[in-house]
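Hello,

Here is the structure I promised to hand over. My notes on what turned up follow below it.

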Amino acid sequence: KTHRGATKAFREFERRLAQLPEREQGLVGVDKVLLFVRSINRAEREAIRIKLEHDDGANGLTEEWSKVE
């Protein structure tokens, strides 16, 4: 359930980011992960943190934004 919430929040974040002028999108790129994490609620952040701490490669986490569903 939390995974779906984080995915929905990510899609909304991406939608809003795409509305920024191209120059501003580039400026945000460096801080994209931090801004996304700040935009989701505490339960979703905690779920992501736990997955990161127990990352054995099988949890589906990726550093490639294009692969995020």
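The accessible surface of the protein chain is about 5800 Å², and carbon and sulfur atoms hold 52% of that (Shrake-Rupley method, 1.4 Å probe). Please keep in mind that this is a predicted model, where local features need pLDDT of at least 70 and side-chain atom pairs count only at pLDDT 80 or more, while totals for chains, interfaces and linings use all residues. Residues are numbered from 1 along each chain as its sequence is written, and side-chain values use heavy atoms, with hydrogens and water left out.

The protein chain has four helices and zero strands (DSSP runs: H or I of at least four residues for helices, E of at least two for strands, numbered from the N terminus). Of its 69 residues, 16% are buried (under 20% relative accessible area, 1.4 Å probe, protein chains only).

The largest nonpolar core has seven residues: Ala-9, Phe-10, Phe-13, Leu-17, Val-28, Phe-36 and Ile-40 (buried Ala, Val, Leu, Ile, Met, Phe, Trp, Tyr and Cys residues joined through side-chain atoms within 4.5 Å). Helix α1 (residues 2–18) contributes the most to this core, four residues.

There are also two aromatic pairs (ring centres within 6.5 Å; planes under 30 degrees apart are stacked, over 60 edge-to-face, the rest tilted; Trp counts by its six-membered ring).

Best wishes

Technical notes:
Buried means under 20% relative accessible area, exposed over 50%, partly exposed in between (1.4 Å probe, protein chains only).
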